[in-house]
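User: I want to check the labels attached to this model one at a time. For each, please set the value against the definition behind it.

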Amino acid sequence: MKVGIVGAGMVGSAAGYALALTGAASRIVLVDRSEALALAQAQDIAHAVPFASAVAVEAGGYEALAGADVVILAAGVGQKPGESRLALLERNAAVFEDVIAAVLRAAVDPILLVATNPVDVMTHVTAKLAGLAPGRVFGSGTILDTARFRSLVAHHLGLAPQSIHGYVLGEHGDSEVLGWSGARVGSEPLASVAAQLGCAITADVRARIDDGVRRAAYRIIEGKGATNYGIGAGLARIVQAIGRDEGAVMSLSLVTPELAGVQNVALSLPRVVGAQGIRSTLMPTLDADEIAALTASARMLRDTSDALGL
Ligand SMILES: NC(=O)C1=CN([C@@H]2O[C@H](COP(=O)(O)OP(=O)(O)OC[C@H]3O[C@@H](n4cnc5c(N)ncnc54)[C@H](O)[C@@H]3O)[C@@H](O)[C@H]2O)C=CC1
Ligand SMILES: CC(=O)C(=O)O
């Protein structure tokens, strides 16, 4: 599978590296407005290939995206310390005006996978600019927040994150909703397992994990200026699910016709991913507080999209 990556900075290069290590792509093309950066990243990733899987890694202009099955969009600005994702919207929406047109001049009917923040509204911007079939334009959404949630719960219980099943929903950002009520460990409800292991999820534990998920990006950006490894791995995992036509369930952002009375809003819900992109959505079972929080998140995103005329 040929995968294009537009934006060869911290996120784009981490995605390329993860794709090379996992073998989720057979060909990776990096494109950036800085040709020198794209070339340097491609060469550096290519030097990992002898230790990893057989994948061709190159840099090029937009024309090099011809034949790409999936194009990851990671171009634009990231947050400065203390800055919210939504504060990036105007700058990154302007970048996408040019980027999406250039991608679609080269690649025929690709799947567009948006990582640029604020990822939900940027997914909506991309869907509108691209005009591709629903399901072929979607965002990484809360895949990273879900990974953070699973990691922190796993750490509290002393278990593997792979055995924790639960999703973060709504915005990839400050209004996101941790789906505590539906979270399970193996096939058992989280609260039951936590009690059996003597690691109850008290209000304090819950607040600490919520903060750890919701504020992770702010803390990491304070420390190293960007986040990249988690999202890079998440993007590669999504590409893998597309390439293998897996039917994997992941929390991803898609323009959703209606949620809790809010129309036409891009946000994350559990989505089923296969060769054609997102093939369906699974409505999660939530408690009353979670429904209220998800509705508020959807309304906020809809209001933000309104401001852009989406
Ligand atoms: N969805 C998620 O979970 C995450 C999203 N992000 C977002 O990903 C985006 C990229 O972040 P970083 O890689 O850290 O930033 P970065 O600054 O390291 O890389 C961005 C790259 O985009 C390129 N670029 C800018 N305008 C362009 C254009 N018109 N055409 C082609 N290339 C262009 C720049 O030259 C730069 O190399 C940000 O919006 C950031 O907030 C970051 C982490 C997680
Ligand atoms: C930057 C960002 O969106 C994240 O790490 O969650």
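**Labels and their grounds**

User: Why is alanine 260 called partly exposed, rather than buried or exposed?

Analyst: Alanine 260 has a relative accessible area of 43%. Buried means under 20% relative accessible area, exposed means over 50%, and partly exposed is in between, with a 1.4 Å probe and protein chains only. The value of 43% falls in between, so alanine 260 is partly exposed.

User: What are the ground rules for the values?

Analyst: This is a predicted model, in which local features need pLDDT of at least 70 and side-chain atom pairs count only at pLDDT 80 or more, while totals for chains, interfaces and linings use all residues. Residues are numbered from 1 along each chain as its sequence is written, chains are lettered from A and ligands numbered from 1 in the order in which they are written, and side-chain values use heavy atoms, leaving out hydrogens and water.

User: What makes the backbone at alanine 260 worth a remark, and where does the residue lie?

Analyst: Alanine 260 has a positive phi of about 50 degrees although it is not a glycine. The residue lies in the loop between strand 12 and strand 13 (262–274). Here a strand is a DSSP run of E with at least two residues, a helix is a run of H or I with at least four, and both are numbered from the N terminus.

User: Why is serine 187 put in the exposed class?

Analyst: The relative accessible area of serine 187 is 55%, over the limit for exposed, so the label holds. Serine 187 is found in the loop between strand 10 (184–185) and strand 11 (188–189).

User: How do you know whether the overall size agrees with a compact globule?

Analyst: The rule for a globule is 2.2 Å times the number of residues to the power 0.38, and the radius of gyration is taken over C-alpha atoms. For 310 residues a compact globule would have a radius near 19 Å; the protein has 19 Å, so the two agree. The C-alpha atoms fill a box of roughly 55 × 45 × 35 Å along the principal axes. Buried residues make up 52% of the 310, and the secondary structure comes to 10 helices and 14 strands.

User: What makes a group of residues a nonpolar core, and which members of the largest one touch the most others?

Analyst: A nonpolar core is a set of buried Ala, Val, Leu, Ile, Met, Phe, Trp, Tyr and Cys residues joined through side-chain atoms within 4.5 Å. The largest core has 39 residues, and Leu19, Ile72 and Phe138 touch the most other members. Helix 9 (229–243) gives the largest share of this core, 7 residues. A second, separate core of 38 residues includes Phe96, Met122, Leu132 and Leu267.

User: Which residues does leucine 19 contact, leaving aside its neighbours within four places in sequence?

Analyst: Contact means heavy atoms within 4.5 Å. Leucine 19 is in contact with Val3, Ile5, Ala24, Ala25, Ile28, Ile72, Ala236 and Val239.

User: What makes a space a pocket, and what is the volume of the largest one?

Analyst: On a 1 Å grid over the protein atoms alone, a pocket is an open set of points with protein on both sides within 12 Å along at least five of seven lines, and lining residues have an atom within 4 Å of a point. Grid points are joined across faces, edges and corners, and a volume is the space filled by probe spheres set on the points. The largest pocket comes to about 820 Å³. Its lining has 39 residues, of which Ala74, Ala75, Gly76, Val77 and Gly78 lie nearest the centre. Helix 3 (89–106) gives the most to this lining, with 4 residues.

User: What is the volume of the second largest pocket, and which element gives the most to its lining?

Analyst: The second largest pocket has a volume of about 700 Å³. Helix 9 gives the most to its lining, with 8 residues. Among the 31 lining residues, Ile143, Ala147, Arg150, Gly234 and Arg237 lie nearest the centre.

Note on methods
1 Å grid on protein atoms, 1.4 Å probe; cavity = no way out; pocket = protein on both sides within 12 Å on 5 of 7 lines; lining within 4 Å.
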